[in-house]
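Subject: Structure handover and findings

Dear colleague,

Please find below the structure that I am passing on to you.

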Amino acid sequence: MYEPIRTKPVDPRMGGRPTTEYPRSSRAEALDIQLGGHLAALLAVTDELGLDEAAVEIALQVTRLRGAQPTRAPHHPGQAPENAAPLHQRAHDLAARALLVAASRADTTVAILAAERMDAHTAALDLVGAH
């Protein structure tokens, strides 16, 4: 009824290659990567909403974390999205995630920025009655 496994284990902890051959990142590096990702996503939504001042602040922090300027979609001034409520909700959620990661890595600058963005998107949602 039971047939033993006849293949070599793939998991390095189970007898495969030693774990020293795999690149590892520290917790701080992993948090930087995660925070940069959340901020880049927030920047994309912020650009889509046409919030230029906020986008500049977010882009500065993404540049600081990643060491390079983020890639951004071309901006079309004066074109506000027809239904902005889902975008504001998405931006609020992304800012909340960024706030959590910023707090865990003790990045006060990003934590303050994320909290401000959360407040701004909450206010925008209250204006459109979607919150």
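The secondary structure of the protein consists of four helices and zero strands, where helices (H or I, at least four residues) and strands (E, at least two) are DSSP runs numbered from the N terminus. Along the sequence the pattern reads α-α-α-α.

Two remarks on conventions come before the details. This is a predicted model, in which local features need pLDDT of at least 70, side-chain atom pairs count only at pLDDT 80 or more, and totals for chains, interfaces and linings use all residues. Residues are numbered from 1 along each chain as its sequence is written, and side-chain values use heavy atoms, with hydrogens and water left out.

The mean pLDDT (the predictor's confidence in each residue, from 0 to 100) is 85 for the protein, and 79% of the residues score at least 70. Where pLDDT is low, the predicted coordinates should not be read in detail.

Of the 131 residues in the protein, 31% are buried; buried means under 20% relative accessible area, exposed over 50%, and partly exposed in between, with a 1.4 Å probe and protein chains only. Contact here means heavy atoms within 4.5 Å. Among contacts between residues at least 6 apart in sequence, 67% join residues at least 24 apart.

Helix packing

Two packed helices are described by the angle between their axes and the distance between the axes. Axes are lines fitted to C-alpha atoms, for helices over the stretch in contact, and angles run from 0 to 180 degrees between N-to-C directions. Angles under 35 degrees count as roughly parallel, over 145 as roughly antiparallel, 65 to 115 as roughly perpendicular and the rest as oblique. A crossing is left-handed if the near helix is turned anticlockwise from the far one by less than a right angle, and right-handed if clockwise. For residue classes, Ala, Val, Leu, Ile, Met, Phe, Trp, Tyr, Cys and Pro count as nonpolar, Asp, Glu, Lys and Arg as charged, and the others, Gly among them, as polar.

α1 and helix α2 (residues 52–66) pack at about 155°, with their axes 9 Å apart. α1 is therefore roughly antiparallel to α2, and α1 passes α2 in a left-handed crossing. The residues in this contact include Leu35, Leu39 and Leu43 of α1 and Ile58, Val62 and Leu65 of α2. By class, the contact of α1 with α2 has eleven nonpolar, four polar and three charged residues.

α1 and α3 pack at an angle of about 160°, with their axes 9 Å apart. These two helices are therefore roughly antiparallel to each other, and their crossing is left-handed. Among the residues in contact are Leu31, His38 and Val45 of α1 and His88, Leu94 and Val101 of α3. The classes here are 14 nonpolar, four polar and four charged residues.

Helix α3 (residues 85–104) and helix α4 (residues 108–128) pack at an angle of about 155°, with their axes 8 Å apart. α3 is therefore roughly antiparallel to α4, and α3 passes α4 in a left-handed crossing. The contact includes His88, His92 and Leu99 of α3 and Met118, His121 and Leu125 of α4. By class, it has 14 nonpolar, five polar and one charged residues.

Individual residues

His88 lies in helix α3 and is buried, with a relative accessible area of 11%. Leaving aside neighbours within four places in sequence, His88 is in contact with Leu49, His121, Ala124 and Leu125.

Arg72 is in the loop between α2 and α3 and is partly exposed, at 37% relative accessibility. Not counting residues up to four places away in sequence, Arg72 touches Leu43, Asp47, Ala55 and Ala59. Arg72 and Ala44 are 28 residues apart in sequence and 7.0 Å apart in space, C-alpha to C-alpha.

The loop between α3 and α4 holds Arg105, which is partly exposed at 26% relative accessibility. Leaving aside neighbours within four places in sequence, Arg105 is in contact with Leu31, Asp32, Leu35, Arg64 and Leu65.

Ala106 is also found in the loop between α3 and α4 and is exposed, with a relative accessible area of 64%. Ala106 has a positive phi of about 60° although it is not a glycine. Most residues other than glycine have a negative phi.

Kind regards
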